[in-house]
Amino acid sequence: MGDPGMPNDPSGDTLSWDRLTWQDIQAIGMALAERHAADNILTLPPERLVQLVEDLPGFTAGGREPDDFTLSAIVTAWIDAQEGGDDRSPFEFLA
Amino acid sequence: MSAADRSQAGIYWQSRMGNNADGIGGNCHRYDIVTANGQGTPVRGRLVVDYGIKIHNGGGAYDCSFPSPEELFAKRGQPDPAHAPNALLLTHSHEDHLGALKHAVDMGYRLPPIHCTPFTAELVKKSFAGAGIIEPDRRPEIHAVKPGETIEVGGAQVTFVPVDHLPGASALVIRTAEAAVFHTGDYKFDATMALGERADPELLRTIGKQGIDMVVSDSTSAGDDRPKSTEREIAGRLERIVADEKGRAVVAGVLGTQLDRVVSLGRAAKANSRTLVISGASLVQNIQAAERAGHSLEKAIGAPILLAKDARALPADKALVVTTGAFAQPNAGLSRSADQLAGALYIGRDTTVIIPQRAIPPVAEAHRGMVQRLEASGARVITAERAEEMGYGAIHQSGHAIAADTRLLYTLLKPRHVVSPIHGAPGQIEANGEIARSLGLKPLILKENGAVIRVDRSGAEIVGREDLPRIGAKETGDLKQLPRARPGEGRRPNPPAIYRYDRLDSAGETLLSRNVDAYHGPARAPRPARDQQAR
């Protein structure tokens with residue numbers, strides 16, 4: 001086992017963390033993409049998202065409530081993990 | 001060059017970038033308010049409108065540039081200087097209007113409270129999250145403003161006026177007792193767009209009757225005098241195309257921000273008993289943001305939308321798959337299919353590809369190559385250009401005001417003094433000015449950024465000109481090591497890049513100082529081989 005709180009499977013096939021908190025945006029996003037692929041991320045209500053995160057193994061809220069920005073960042077990380085890399089064009093504003 | 005005198009009552013406007021010299025990139029405007037409150041006490045305020053990037057195409061010294069934050073914002077951890085703005089107002093969510101926010105934060109600046117409509121707010125949050133800016137002490141306050149709402153900030157009343165461009169796009173009316181400015185942002189008139197609020201000619205006429213002294217006006221397509229197509233007409237033509245492809249797989253390539261076009265494709269799918277399926281990170285991100293902001297694509301279409309992962313059992317001729325890649329950008333769905341990368345959507349002999357977006361000059365060559373590769377795989381490709389040749393009519397329309405829209409806006413607003421055309425190539429700026437002249441209005445065409453224009457009831461005049469350094473940004477090749485992401489590992493598909501920031505002169509041509517205000521967070525070397533693997 002490496003550093004506390006870091007992923008314990010460096011091979012990358014299965015993600016699991018000793019400890020997750022609301023600050024672990026990327027780890028949460030990846031974990032949700034793996035564990036909740038059946039959920040519709042387009043219409044997921046915020047309270048359902050909070051529940052999914054709090055139910056992740058090793059998650060500890062630590063008495064904190066996530067703010068709107070944190071939830072938005074988690075969804076962003078989830079979609080990134082699910083859909084793959086950045087596919088934006090730098091010229092989209094010229095459309 | 002010394003600072004312009006901004007002591008007399010009025011509204012002072014300064015284009016920091018996004019004016020003639022910059023085409024349509026790096027939009028940023030400073031408005032200084034000098035007025036008095038109801039008790040006669042002097043009030044001074046400062047507003048910044050938009051903070052975008054200009055893309056440098058063609059492998060130059062920099063990837064992008066933007067107005068220097070030095071005289072706009074305060075440094076984090078330092079007291080607010082006298083010039084700190086009261087607010088940052090965003091007209092809409094395109095990168096040329098908000099793409100520099102994340103860079104200013106990485107350079108160590110504290111952004112003022114941001115005011116924008118809900119969809120723009122969602123994309124600001126995604127922009128910060130995508131850049132790895134998640135710590136509360138680095139994020140700005142974001143205040144969502146309802147379309148049409150008026151807020152009081154910096155000594156002015158600011159109204160967010162809905163315009164037709166993309167969801168949440170707003171013009172701004174900045175009004176004090178002394179003056180009123182109408183800042184269009186990017187706009188057009190199309191009452192048939194489905195998402196968000198529509199530009200309301202009656203509201204604009206009312207705003208005009210309340211008095212507008214100056215219009216600062218989008219010129220992108222002002223010289224275009226051709227008949228325009230509405231989004232509803234485009235949806236009807238897409239419906240005909242899809243009907244003619246019965247029995248075949250149909251894949252459409254759009255840009256992630258073209259949500260109204262996705263609605264049109266969804267309506268075309270529904271009319272042909274197909275289900276709309278979406279694929280691609282930016283498309284999914286934008287649709288999710290729209291849902292969060294109250295702009296439901298499913299409601300607009302009247303049918304459910306499936307993510308590609310949930311549509312594997314759907315017969316190909318019962319789906320209409322919308323993916324990214326209208327500009328042939330790397331890693332977009334169409335590009336990956338054209339290159340037959342592992343995991344990419346299959347496109348072959350039984351597939352018709354629709355690209356309802358014209359190829360623009362910077363991407364024309366890549367676009368041509370992508371279409372050739374798609375056709376080499378056996379697919380039938382209907383581009384926006386070909387659709388017209390095939391008799392379907394236009395399946396793309398610019399998101400910007402053409403000449404008729406520009407005339408309509410000025411006719412409704414009837415500005416008292418001047419129209420200042422900005423945000424366009426020189427020919428379009430001139431065309432915008434000519435429209436103003438034809439309506440008896442005086443155009444104020446600024447060849448360079450930095451001029452300070454004072455506006456009040458008696459008129460508008462240039463009262464000074466200031467040198468405005470800009471920042472050239474170049475990716476260093478290193479990536480940010482995000483908190484508790486796998487160390488040194490590229491599991492996240494698009495870890496944020498680290499940039500080097502150089503200070504350039506006001507023309508962006510001369511280097512003034514190298515490597516200013518660099519990002520100092522955790523970094524790691526990139527793992528391109530893994531990051532570029534197929535999904």
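Start with chain A: its secondary structure comes to three helices and zero strands. Keep in mind throughout that this is a predicted model.

**Chain A**

Colour chain A by secondary structure and trace it along the sequence. The pattern reads α-α-α. Next, colour by burial. Chain A has 95 residues, and 45% of them count as buried. Then turn to the contacts within chain A that have a separation of 6 or more. Residues 24 or more positions apart account for 60% of these.

**Where chain B touches chain A**

Now show both chains and select the residues in contact. On chain B there are 49, and they meet 36 residues of chain A. Which elements of chain B give two or more residues to this side? Select α1 (95-98), α3 (118-130) and α7 (281-292) of chain B. Stay on α7(B) for a moment. With seven residues, α7(B) gives the most to the side that touches chain A. You will find 18 nonpolar, 16 polar and 15 charged residues.

**The domains of chain B**

Domain 1 takes in two stretches, 10-225 and 399-465. Domain 2 covers 231-389, and domain 3 covers 474-531.

**A helix pair in chain B**

Select residues 403-413 of chain B, helix α12, together with residues 426-438 of chain B, helix α13. Their axes come within 10 Å and cross at roughly 45°. How do α12(B) and α13(B) lie to each other? An angle between 35 and 65 degrees is neither roughly parallel nor roughly perpendicular, so α12(B) and α13(B) are oblique to each other. The crossing is right-handed.

Show side chains at the contact. From α12(B), pick Ala403(B), Thr406(B), Arg407(B) and Tyr410(B). They meet Ala431(B), Asn432(B), Ile435(B) and Ala436(B) of α13(B). By class, this contact has five nonpolar, two polar and one charged residues.

**Last stop: Ser438(B)**

Stay on helix α13 of chain B and select Ser438(B), which is found in this helix. Is Ser438(B) buried or exposed? Ser438(B) has 11 C-beta neighbours inside 10 Å. The cut-off for exposed is 12 or fewer, so Ser438(B) counts as exposed. Ser438(B) and Met214(B) are 224 residues apart along the chain. Their C-alpha atoms are separated by 16 Å.

Methods:
Residues are numbered from 1 along each chain as its sequence is written. Chains are lettered from A and ligands numbered from 1 in the order in which they are written. This is a predicted model: local features need pLDDT of at least 70, side-chain atom pairs count only at pLDDT 80 or more; totals for chains, interfaces and linings use all residues. Axes are lines fitted to C-alpha atoms, for helices over the stretch in contact, and angles run from 0 to 180 degrees between N-to-C directions. Helices (H or I, at least four residues) and strands (E, at least two) are DSSP runs, numbered from the N terminus. Angles under 35 degrees count as roughly parallel, over 145 as roughly antiparallel, 65 to 115 as roughly perpendicular and the rest as oblique. A crossing is left-handed if the near helix is turned anticlockwise from the far one by less than a right angle, and right-handed if clockwise. Two residues are in contact if their C-beta atoms, placed from the backbone, lie within 7 Å. Ala, Val, Leu, Ile, Met, Phe, Trp, Tyr, Cys and Pro count as nonpolar, Asp, Glu, Lys and Arg as charged, and the others, Gly among them, as polar. Domain bounds come from an automatic or database domain assignment. A residue is buried if 20 or more other C-beta atoms lie within 10 Å of its own, exposed if 12 or fewer, and partly exposed in between; C-beta atoms are placed from the backbone.
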